[in-house]
Amino acid sequence: MDITHKHVDEIFEYDGSQINPSWAFQEFGIYGSSIVTWIGPVNITPDNLKDFADVGLEIKSNYMVNFICEFFDQQPPNMRVAYLRQRLLVMIFREILTEYGIQTKREGDDIFVDGGKLSISIASISLSSAKIHFALNLEDKGTPSDVETIGLYDIKLNGEQVFNQNNLLDLINKTVKNFINELKTIENDISKTKVLG
């Protein structure tokens, strides 16, 4: 499966509409499966909430790293596979944080550092594709008052800030590269495995 990654330098808000099908094609002319990344505020409007458990809750942050993934390789799309890929992305990012020496905790699709919630995520499907939104706080600002949060820029090791504007894009690109490589490895393993029976 070929997957196109596009990082958008422009800062714009994630309001939940970007998880709609074929958003990457409509906005950027990207054909096929894709991952679009950018930095911007998150403020999901009630009409764009996809998780029934989030109805009535505020999902917002002043600045987050956003990942929008869309896959067209399964027809019809499979919700279970969409969530498995979402968890894979979350765990790959957690693995990268571990490489930096950062201890994390995972609860479902949420990553926590020092007791603060670092990430948000949702997976869903349309008639033609599977979609994932994964986002990471940059700072503990503009988040709901009833949720303890932390941002990438807030994380320190031995008193030193780990992530900043100079290495953030490297972190984004490494996450996408590792995720795409893992998906391709799975495809390769499928193609070389003898079926039972």
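What follows sets computed values against the definitions behind each term.

Q: What makes this a predicted model to be read with cut-offs, and how are its residues numbered?
A: The model is predicted, with local features needing pLDDT of at least 70 and side-chain atom pairs counting only at pLDDT 80 or more, while totals for chains, interfaces and linings use all residues. Residues are numbered from 1 along each chain as its sequence is written, and side-chain values use heavy atoms, with hydrogens and water left out.

Q: How many helices and strands does the chain have, and in what order do the elements run?
A: Helices (H or I, at least four residues) and strands (E, at least two) are DSSP runs numbered from the N terminus. On that basis the chain has three helices and 10 strands, and from the N terminus on its elements run β-α-β-β-α-β-β-β-β-β-β-β-α.

Q: Why does the radius of gyration of the chain agree with that of a compact globule?
A: The radius is taken over C-alpha atoms, and the globule rule is 2.2 Å times the number of residues to the power 0.38. Because that rule puts a compact globule of 197 residues near 16 Å, the 17 Å of the chain agrees with it. Along its principal axes, the C-alpha trace spans about 55 × 40 × 30 Å.

Q: Why is strand β3 called largely enclosed?
A: A residue is buried under 20% relative accessible area, exposed over 50% and partly exposed in between, for a 1.4 Å probe and protein chains only. Nine of the 12 residues of β3 (residues 60–71) are buried, so the strand is largely enclosed by the rest of the structure. For the chain as a whole, buried residues make up 44% of the 197 residues.

Q: How do you know which strands pair with β3?
A: Two strands pair if DSSP finds at least two bridges between them. Strand β2 (residues 34–43) pairs with β3 in the antiparallel sense over nine bridges, with Trp38 standing opposite Asn66 in β3. Strand β8 (residues 130–137) also runs antiparallel to β3, joined to it by eight bridges, and Asn137 in β8 is the bridge partner of Met64.

Q: What makes a set of residues a nonpolar core, and how many residues has the largest one?
A: The term covers buried Ala, Val, Leu, Ile, Met, Phe, Trp, Tyr and Cys residues joined through side-chain atoms within 4.5 Å. The largest such core has 36 residues, and those with the most contacts inside it are Phe93, Leu118 and Leu152. At least two of its residues come from each of β3, α2 (79–99), β5 (110–113), β8 and α3 (168–191). A second, separate core of 17 residues includes Ile19, Val42, Ile120 and Ala135.

Q: Which residues does Leu152 contact beyond its sequence neighbours?
A: Contact means heavy atoms within 4.5 Å. With neighbours within four places in sequence left aside, the contacts of Leu152 include Val65, Phe93, Leu118, Phe163 and Leu171.

Q: Why does Asp110 count as buried?
A: Asp110 has 18% relative accessibility, and because this falls under the 20% limit, the residue counts as buried. Asp110 lies in strand β5, where both faces are covered, Asp110 and Phe112 being buried on one side and Ile111 and Val113 on the other. Beyond four places in sequence, Asp110 is in contact with Lys105, Lys117, Ser119 and Ile120.

Q: What makes β4 and β6 the edge strands of their sheet?
A: Three strands form an open antiparallel sheet in the order β4-β5-β6, and β4 (105–107) and β6 (116–117) each pair on one side only. Three bridges join β4 to β5, while β5 and β6 pair over two bridges. In the hairpin of β4 and β5, Gly108 in the turn has a positive phi of about 65 degrees, and in that of β5 and β6, Asp114 takes a positive phi near 50 degrees.
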